[in-house]
Amino acid sequence: MPFEIVNIANNVATVKMTIPKDDFQDAIIQVYENNKERFSLPGFRKGKVPRNVLEARYGKSLFYEEAFDIAIGVEYKECLEKFDFEVASSPQIASVDQLDDDGIAVTLEIPITPQFELKDYKGIKVGPIDYEVDEEEIDEKIAELLEQNSRLVSIDEGVSDNGTVAAINFEGFMDGVPFEGGKAEDFSLTIGAGNFIPGFEEQLIGHKAGDEFEIDVTFPEQYQSEDLAGKAAMFKIKILELKRKELPVLDDEFALDLGFDDLAGLRADAKEKVKQENEQNLMKIAKDRIVEELVESYDFPIAPQIITERAAIIKESNENSMRQQGVDPQQFYELVAQSAPNGEYANFFEAQYAIEADKSYRTMCIFSKLIEAENISITDEEFDIELQKLANAEQRTLEEVKGSMSETEIEYYKQQINESKLLDLLLEYADKSPEALIVAMDKERERLVVPNEEEKSDEEVAIDSMEDSISTQE
């Protein structure tokens, strides 16, 4: 028998697999034939050295490693058809029990897709997703439109204040010496926007166009440039011009300019937009509640290898995002380490990635079973409609988008669409009564309850530190 299932526990199958002598020898011959052109020895032309001569010169196991991979791969592929469980990932070799001319014996650990019975998933309590708009919110939306359509007008008389847009020349000095990156001309700065280091913008207030003066500042301790961090500097300033925002008059003419019949029409549109925005947010919150409720309802074990693999993907994705934002991941970890216990941090980040991996895989397993239970699928026509949206966003044709996608990418995209359809259906099934909102919020409060600082584990403290640092970066 080529394989024997020794044990299945925690969704990991331990399997002993044997490769008979003849099959292993066939794999060795294949490896020899594939590689013989690389070898040359005295008395033989290159590529003509007999296998037994090579094995005598370099050792009997010369071709074992590659032949091992070939033989195991062939046998494992055949065994897949005979397994009565669904394999979730590639097998891992737990031990090599035999590897010689007489054959191979190995013990494999194979991650298994969790099997479980669906629980009742209808009536999950999420609360109302309808939103009532009040007049104040409409006014705020109109104010945004006025701000978006404002214009800058020069201030001929008067001095700068918060909100004033100043065109300035500036040059920075440390100990009387100009420093790199500290000089600009005709630079546009909105005073009070907080775009410059603390104390810079505040000292521009009260000046008029044409003024030349000096200001003193101190760079923050955590400033991006280490050469400047925490150091005092003096800036020479010249104000070239001052401008202020001028808002349009809110009347029927303003509404006409925006494509509405009158101000009432503009307000009606603003009301509808506020309603849509808030209902979309409520729907997102409700769907998040559904996912949380589902994940907490199932406690099936997940093979450790699955968590390790998915955590590595999450880590790589997060670190790539950091790099795209100009943040070096290692420096970020070290920054967080300053507030982590004993300066340790690596294991704490790994723990957080593992938590995310567990949740994402658990969600995927539950969703897959629910999609099957609800007979959710996507037609070719529906898929083309969704791809057309992607094509429009990328300013490409549908054919170009389709042609650029691999089969794996297409299947992944279809799965995402099916999961979105599932969430829409689960939201239809959900309890959206006001009473349900109270229950849902109580559960969220329970999830947010954390122990006192002295009761927290080192891991929890470090994870809190990481999340705080991420918020600060954002």
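Here are some numbered notes on the predicted model shown above.

1. Ground rules. Because this is a predicted model, local features need pLDDT of at least 70 and side-chain atom pairs count only at pLDDT 80 or more, while totals for chains, interfaces and linings use all residues. Residues are numbered from 1 along each chain as its sequence is written, and side-chain values use heavy atoms, with hydrogens and water left out.

2. Overall make-up. The protein chain has 14 helices and nine strands; these are DSSP runs numbered from the N terminus, with helices being H or I of at least four residues and strands being E of at least two. Its radius of gyration is 33 Å, well over the 23 Å that the globule rule gives for 474 residues, so the chain is more spread out than a compact globule. (That radius is taken over C-alpha atoms, and the rule is 2.2 Å times the number of residues to the power 0.38.) Along the principal axes, the C-alpha atoms fill a box of roughly 100 × 65 × 60 Å.

3. Burial and surface. Of the 474 residues, 35% count as buried. Buried here is under 20% relative accessible area, exposed is over 50%, and partly exposed is in between, with a 1.4 Å probe and protein chains only. The accessible surface comes to about 29000 Å², and carbon and sulfur atoms hold 47% of that; areas come from the Shrake-Rupley method with a 1.4 Å probe, and for residues only the protein chains shown count as cover.

4. Take the contacts with a separation of 6 or more: 68% of them are between residues 24 or more positions apart, where contact means heavy atoms within 4.5 Å. On the charge side, there are 48 positive and 106 negative charges, and their mean positions are 6 Å apart. Lys and Arg count as positive and Asp and Glu as negative, with His and the chain ends not counted; the charge sits at NZ of Lys, CZ of Arg, CG of Asp or CD of Glu.

5. Aromatics. The whole structure gives 21 aromatic pairs. Rings of Phe, Tyr and Trp (its six-membered ring) pair if their centres lie within 6.5 Å; planes under 30 degrees apart are stacked, over 60 edge-to-face, and the rest tilted. F170 and F200 make an edge-to-face pair, 5.9 Å centre to centre with 75 degrees between the planes. F170 is in strand β6 (residues 165–174) and F200 in the loop between β7 (177–190) and β8 (212–218), so the pair ties together parts 30 residues apart in sequence.

6. T14 sits in strand β2 (residues 12–20) and is buried at 19% relative accessible area. Leaving aside neighbours within four places in sequence, T14 is in contact with E4, I5, V6, N7, T107, L108 and E109. T113 belongs to the loop between β4 (103–111) and α4 (135–148) and counts as buried at 15% relative accessibility. Not counting residues up to four places away in sequence, T113 touches N11, E86, V87, A88 and Y361.

7. Which way does phi go at N10, positive or negative? N10 has a positive phi of about 55 degrees although it is not a glycine. N10 is placed in the loop between β1 (3–9) and β2, and is exposed with a relative accessible area of 55%. D175 also has a positive phi of about 55 degrees without being a glycine; D175 lies in the loop between β6 and β7 and is exposed at 86% relative accessibility.

8. Two helix residues to look at. N418 is in helix α12 (residues 407–429) and is buried, with a relative accessible area of 10%. Beyond its neighbours within four places in sequence, N418 is in contact with I371, I376, S377 and I378. N418 and A9 are 409 residues apart in sequence and 31 Å apart in space, C-alpha to C-alpha. I285, in helix α6 (residues 263–297), is partly exposed with a relative accessible area of 32%. I285 and G127 are 158 residues apart in sequence, and their C-alpha atoms are 9.7 Å apart in space.
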